[in-house]
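These are my notebook entries on a single protein chain. I set down what I looked up, one topic at a time.

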Amino acid sequence: MKVTQLEGRASPWQLDGYWNGKRIRKYFKTKAEAERELRMLKRERTEAGPVADRLTPAERLEFAEMRDLLKTEANATIRDAVTFFLEHKRKVRNESTISELVERFVALQEEKDLDPKYQRQIETTLARFAAFDGIGMRPASMISEGDVKRWIDAQPVGAATKGAYVRVLRQFFAFGLKKGAVGISPMDDMETPKAAEREIEVLTVEQAERLIRTATQMEAYQPLVPFVVVCLFAGLRPVKEAGKMRLQDLNLDEGTAVVNAGSAKTRERRVVDLSENAVELLRLGIPHLVALWEDASHEVRREEM
């Protein structure tokens, strides 16, 4: 590059030459300004070294953006990022896209003869994940925790369902790690979303009486009487205790209900005493529940025939 003087121009001093493979031509009012610009370019070339000559202006801009992003988000350098990336890639033995890995994982789950409902949950979760923002076409080894979080946050579901998604993805990426398609699982540090605890609601005496009358007097609700009774009179939790109770857990002669360790909040088996009116209501409601089960089993047998 060189500085030359031109005649008949408002800015007669020209800086002309090639820089990073491109023609540069600038004009200055004084020779000192043009030479100062030339010295600055030469100093930049000297400080950057020969590597800088191989970077296009777009690449330099991208480098600066990535440098600032790493500093802001992770307090890391470009060298830290490259070292981490290469360490990750060295652990990948069998490169696969997310869609390819999903197909292999789903096929393996089908061989395990899982509960059909759980199998559908796995397939649906992974299909939605792969369809999000082109993730399915990307290498499994390049999926980050941020990618997973963006998908989880974009789902219009509650915390309980998001927690189920996280558990499925944790199994999926553990499979990818085992098969060498993933170097580091993006699920390692991800917490499972927790549903907010609902405040316990207490029924008034009048509300409890109305509930019992409705359950015992309306034919459609009579099979629900045992469930209502153990919740109201034994203080059992509707879903995790009463919902898992079996008929053999009720001893009406002794007036007791057994809460098994797997259902109990304390993880310990316990026996709950039943009041006399609770026992009488159970004697009324259990036959309706049994009859409902028998009708359901007959329907299943008729469909099989």
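**Entry 1: a helix pair**

I began with the residues through which two helices touch: I98, S99, V102, F105, V106, Q109 and E110 in helix 4 meet Q119, I122, E123, L126, F129 and A130 in helix 5. Contact here means heavy atoms within 4.5 Å. Helices (H or I, at least four residues) and strands (E, at least two) are DSSP runs, numbered from the N terminus. I sorted the residues of this contact by class and noted 8 nonpolar, 3 polar and 2 charged ones. In this scheme Ala, Val, Leu, Ile, Met, Phe, Trp, Tyr, Cys and Pro count as nonpolar, Asp, Glu, Lys and Arg as charged, and the others, Gly among them, as polar.

I then looked up the geometry: helix 4 (residues 98-111) and helix 5 (residues 116-131) pack at an angle of about 180°, and their axes lie 10 Å apart. Helix 4 is therefore roughly antiparallel to helix 5. Axes are lines fitted to C-alpha atoms, for helices over the stretch in contact, and angles run from 0 to 180 degrees between N-to-C directions. Angles under 35 degrees count as roughly parallel, over 145 as roughly antiparallel, 65 to 115 as roughly perpendicular and the rest as oblique.

**Entry 2: the source**

I recorded that this is a predicted model, in which local features need pLDDT of at least 70, side-chain atom pairs count only at pLDDT 80 or more, and totals for chains, interfaces and linings use all residues. Residues are numbered from 1 along each chain as its sequence is written, and side-chain values use heavy atoms, with hydrogens and water left out.

**Entry 3: the whole chain**

I noted 10 helices and 6 strands in the protein chain. Of its 305 residues, 31% are buried. Buried means under 20% relative accessible area, exposed over 50%, partly exposed in between (1.4 Å probe, protein chains only). Among contacts between residues at least 6 apart in sequence, 47% join residues at least 24 apart.

**Entry 4: two loop residues**

Where is D113 placed? I found D113 in the loop between helix 4 and helix 5. D113 has a positive phi of about 55° although it is not a glycine, and at 69% relative accessibility D113 counts as exposed. D133 also has a positive phi of about 55° without being a glycine. The loop between helix 5 and helix 6 (145-154) holds D133, which is exposed at 53% relative accessibility.

I traced an open sheet of 3 strands in the order 4-5-6, with antiparallel pairing. Strand 4 (250-251) and strand 6 (270-273) stand at the edges with a single partner strand each, so one side of each has no neighbour in the sheet. Two strands pair if DSSP finds at least two bridges between them. Strand 4 and strand 5 (residues 256-259) pair over 2 bridges, and A257 in strand 5 is the bridge partner of L250. Their hairpin has 4 residues between the strands, and G255 takes a positive phi near 70° there. Strand 5 and strand 6 are joined by 4 bridges.

**Entry 5: T256**

Is T256 buried or exposed? I found T256 buried, with a relative accessible area of 11%. T256 is in strand 5, and its bridge partner in strand 6 is D273. T256 and V258 point one way from strand 5, A257 and V259 the other way, and all are buried. Leaving aside neighbours within four places in sequence, I listed the contacts of T256, among them D249, L250, V271 and L274.
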